[in-house]
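Here's a quick briefing to read alongside the model. Take a look at the structure first, then we'll go through the charged pairs and the nonpolar packing.

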Amino acid sequence: MAKQPHLLVEEGDVHDIALVPGDPGRVERIADQCENVEHVAQNREYTLVNATYEGRELTICSTGIGCPSATIAAEELAAVGVETFVRVGTIGALQSDIEIGDMIVATAAAKNEGTTRRYEAVEYPAVADYETLSALVDGAEAQDEDVHVGPVASDDAFYAETDEYVEDWEAANILAVEMEAAALFTLARRKGLRAGAICTVDGNLVEGTQKGETEDEELPEKARNNVKRAIGIALDAATRL
């Protein structure tokens, strides 16, 4: 098999489970908690390494921002042997009682984006598979971490999330909004693979706060600190899958 055109990997280069953050810099943060780290490929928004965590071999690969680039990563990873995807991301809260730094395990993702519509009708659900969802919740419990568990929204237009959108999502009890989960859940289901997601809250749209508004860095300090805890939960989940 020829190398995949964007990730620049081929069969045998990856393991069966992949942790997939959006941010390439988060690949290194995850790898810092692992052993036997091997940098495999880097191209465009995609940084890919292999590592071992408590004896579990895994791949870590960034997906970039949004469903189109996440779908390219998932398609190419699946083509060379990945069977389980765990998104480790950030997310904006849509409920007033969810605070910056809280963690959310997504049960499903509203498909408020365009990529999955090229695969199937919007009525088909984008859901996390039960085994990966359970592993993330169990991983949080094992580390005495509290997580919110429920549906999120995946949206394409970060700067077009109007008050009307936010009010509608809040009324529907959607926990938070991010930009990749719907594509990962959809693609995994269609291919008979597994996918789940844990995300750290970096702002609260109901309260009128967004990441980067008050600090020089993209994420607020509490969110930056708690990303490490979310990574720990994702790694624990990997050992269960």
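Is arginine 190 buried, partly exposed or exposed? Arginine 190 comes out as partly exposed, at 43% relative accessibility. Keep in mind that this is a predicted model. A search of the whole structure turns up 10 salt bridges, and a few of them get a closer look here.

**The network around glutamate 120**

- Salt bridges link Lys111, Glu120, Arg189 and Arg190 into a network.
- Arginine 189 pairs with glutamate 120, and their closest N and O atoms sit 2.5 Å apart. Since arginine 189 belongs to helix α5 (residues 181–191) and glutamate 120 to the loop between β6 (103–112) and α3 (130–142), the pair ties together parts that are 69 residues apart in sequence.
- Glutamate 120 also has a salt bridge with arginine 190, with 2.7 Å between the closest N and O atoms. Here again the loop between β6 and α3 meets helix α5, so this pair ties together parts 70 residues apart in sequence.

**The arginine 229 and glutamate 145 pair**

- Arginine 229 and glutamate 145 meet through their side chains in a salt bridge, 2.3 Å from N to O.
- This pair links distant parts of the chain, 84 residues apart: arginine 229 is in helix α6 (residues 221–240), and glutamate 145 is in the loop between α3 and β7 (148–155).
- Arginine 229 is partly exposed, with a relative accessibility of 35%, whereas glutamate 145 counts as buried at 14%.

**Nonpolar cores**

- How many residues make up the largest nonpolar core? That core has 67 residues, and Leu77 and Phe185 are the ones with the most contacts inside it.
- Helix α6 supplies the largest share of this core, with eight residues.
- Leaving out residues up to four places away in sequence, leucine 77 touches Leu7, Val14, Ala18, Val20, Leu48, Cys61, Val82 and Phe85.
- Another core lies apart from the largest one; it has seven residues, including Val166, Trp169, Val177 and Leu205.

Terms used. Residues are numbered from 1 along each chain as its sequence is written. This is a predicted model: local features need pLDDT of at least 70, side-chain atom pairs count only at pLDDT 80 or more; totals for chains, interfaces and linings use all residues. Side-chain values use heavy atoms; hydrogens and water are left out. A salt bridge is a side-chain nitrogen of Lys or Arg within 4 Å of a carboxyl oxygen of Asp or Glu. Helices (H or I, at least four residues) and strands (E, at least two) are DSSP runs, numbered from the N terminus. Buried means under 20% relative accessible area, exposed over 50%, partly exposed in between (1.4 Å probe, protein chains only). A nonpolar core is a set of buried Ala, Val, Leu, Ile, Met, Phe, Trp, Tyr and Cys residues joined through side-chain atoms within 4.5 Å. Contact means heavy atoms within 4.5 Å.
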